Amino acid sequence: MRWSQIATRQALRKVTESPRNRILAARAFGSQSEKDRVRSPWTMAAVFTASLAGAAAVTLCEDPADNFTFVRTYSKSGMADPLTSFAKYAQKKEHEERHSQHDEVKKQDVSVQATSTANGEGVDMAATASADTLSEGEAKIEAEARKLKQHSGGLKVFSGNGNMSLSLEIARHLGINLGKATVGRFADGEVNCVINENVRGKDVYIVQPTCPPVNDNIMELLLMISTLRRASARRITVVIPYYGYARQDRKMQARVPISAADVARLMEAMGVDRVIAVDLHCGQIQGFFGPRVPVDNLDGGIVGLDYFGCKDLHNPVVVSPDAGGVYRAKKFKEGLEQKYEMNDVGLAMIVKQRARAGAVDQMDLVGDVKDCDCILVDDMIDTAGTLCKAADVLIASGARRVFAFASHGLLSGPGNDRIANSNIEEVVILNTIPTSPQREANEKLTELSVAPLLAQAIFNIHAKKSISALFK
């Protein structure tokens with residue numbers, strides 16, 4: 001309900017000097033009894049002013065002592081004006097929340113600051129008890145959990161059908177539930193996308209790798225971005241563990257598309273605000289997005305560093321299977337040296353000549369690998385033809401053992417069987433792409449989780465913290 005206080009008589013008499021205005025006011029407000037109550041010019045002015053404000057009915061209350069008229073107005077629907085009632089409700093809720101927060105803080109202070117005065121000194125009983133029960137690592141985890149709860153108020157994580165297990169693991173690390181969404185198919189095969197909860201003003205993250213089936217996953221991602229944008233999400237960040245079409249990043253011959261740029265333009269047109277990816281095939285893909293869409297290219301190699309750093313390696317040498325991956329192999333070598341103090345890590349490279357896409361004609365080794373444990377480092381393993389031939393070249397050059405690490409294990413076609421029958425001791429991949437029973441049955445394959453890295457990146461972005469700090 002709204003109470004409009006009309007100013008003094010003299011200020012409003014001009015409104016009712018015209019007989020036409022009196023007639024309009026009388027017609028606007030109902031019965032004969034109401035007409036009888038609007039005889040005086042200043043009361044008439046109050047009623048007429050209320051009619052100009054859009055009221056459908058009025059109740060007048062004159063106060064001769066104060067020379068004021070109060071007009072209680074009602075909306076045309078017959079109900080009281082809702083604006084103030086909503087404002088009062090919001091004010092009441094805010095007041096209750098403040099009191100509840102104050103009470104919670106007070107309870108925490110009481111529990112944490114429970115002191116003993118027997119010896120005249122304050123002893124923090126709760127802190128002492130927690131220090132006795134929690135180890136140093138558990139205390140850090142507890143502190144991170146408190147930070148997550150503090151910053152997760154406006155955070156929502158949704159997932160398509162690309163890699164649901166990874167999305168659930170990320171949400172578990174963040175300490176939140178996965179957003180409620182339906183991403184299915186209509187009878188004719190079209191994508192059906194429905195967001196089943198409120199996202200207005202929220203910071204939304206979509207986890208969706210564009211792995212096989214590539215086109216279906218890309219279409220799901222685009223429609224989810226569009227749906228959330230139309231649902232008034234404050235910011236939309238897409239988390240793409242594996243970026244499809246990344247290998248078509250330039251024109252190698254006439255009349256071919258630059259598909260990596262086209263996919264980026266599609267996502268940008270749908271309204272994405274930020275992109276998080278893991279080990280893009282080439283760094284220039286970040287430039288395919290406009291300056292308004294920052295791209296964070298996370299280094300999946302830091303997950304592999306912890307795994308290989310704990311292995312008993314003899315004269316380790318990091319090998320790049322092609323000339324384009326030397327920088328990636330060099331970063332992996334430097335990570336082993338800095339984090340695990342391996343000062344004798346070598347670096348080698350294999351130069352390959354392709355006969356056509358997916359077929360290697362010749363491979364030459366640059367570097368010395370004799371009596372060494374070699375680690376082949378690449379961004380992805382597709383059909384594993386290059387990887388297995390590189391392992392044969394290393395073994396022929398006198399390598400002791402050959403390991404392999406790649407962020408994305410596509411293993412298309414015969415890839416899984418080739419690895420199982422190859423000279424490679426072990427192949428380590430990340431779970432950026434969902435696994436399969438055939439891959440799980442392969443004893444040479446080891447899968448590491450990239451969920452902690454992605455969850456920490458999401459948390460840092462949401463809390464406005466540095467991303468580069470993850471790689472130090």
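Author: Gladly; what follows sets values against definitions, one label at a time. This is a predicted model, where local features need pLDDT of at least 70 and side-chain atom pairs count only at pLDDT 80 or more, while totals for chains, interfaces and linings use all residues. Residues are numbered from 1 along each chain as its sequence is written, and side-chain values use heavy atoms, with hydrogens and water left out.

Reader: Let us start with charge. Why is the contact of Glu220 with Arg185 called a salt bridge?

Author: A salt bridge needs a side-chain nitrogen of Lys or Arg within 4 Å of a carboxyl oxygen of Asp or Glu. The closest N and O atoms of Glu220 and Arg185 are 2.9 Å apart, so the pair meets that limit. Glu220 sits in helix 9 (residues 214–230) and Arg185 in strand 5 (residues 181–185), and the two are 35 residues apart. Helices here are DSSP runs of H or I with at least four residues, strands are runs of E with at least two, and both are numbered from the N terminus.

Reader: What makes Glu220 buried or exposed?

Author: The scale is relative accessible area: buried means under 20%, exposed over 50%, and partly exposed in between, with a 1.4 Å probe and protein chains only. Glu220 has 1%, so it counts as buried.

Reader: What makes Lys339 and Asp306 a salt bridge?

Author: The N to O distance is 2.6 Å, so this pair passes the test too. Lys339 is in helix 12 (residues 326–340) and Asp306 in helix 11 (residues 301–309), so the contact ties parts 33 residues apart. At 33%, Asp306 is partly exposed. The structure holds 17 salt bridges, and Asp203, Arg234 and Arg235 are linked in a network of them.

Reader: Now the nonpolar side. What makes a group of residues a nonpolar core?

Author: The members are buried Ala, Val, Leu, Ile, Met, Phe, Trp, Tyr and Cys residues joined through side-chain atoms within 4.5 Å. The largest such set has 44 residues, and Ile170, Leu174, Phe332 and Leu454 have the most contacts inside it. Helix 16 (residues 451–462) gives the largest share, 8 residues.

Reader: Why is the pair of Phe308 and Phe405 called edge-to-face?

Author: Rings of Phe, Tyr and Trp (its six-membered ring) pair if their centres lie within 6.5 Å; planes under 30 degrees apart count as stacked, over 60 as edge-to-face and the rest as tilted. The centres of Phe308 and Phe405 are 6.4 Å apart and the planes at 85 degrees, so the pair is edge-to-face. Phe308 is in helix 11 and Phe405 in strand 15, so parts 97 residues apart are tied together. Phe308 is buried at 0%, and Phe405 is buried at 2%. Tyr307, Phe308, Phe332, Phe403 and Phe405 form one aromatic cluster.

Reader: And the backbone: what makes the phi of Ala384 worth a remark?

Author: Most residues other than glycine have a negative phi, and most peptide bonds are trans. Ala384 has phi near 65 degrees, a positive value; it is found in the loop between strand 14 and helix 13, and at 4% it is buried. Lys464 also has a positive phi, near 60 degrees, but is exposed at 70%. The peptide bond from Pro212 to Pro213 is cis, with omega near -5 degrees.
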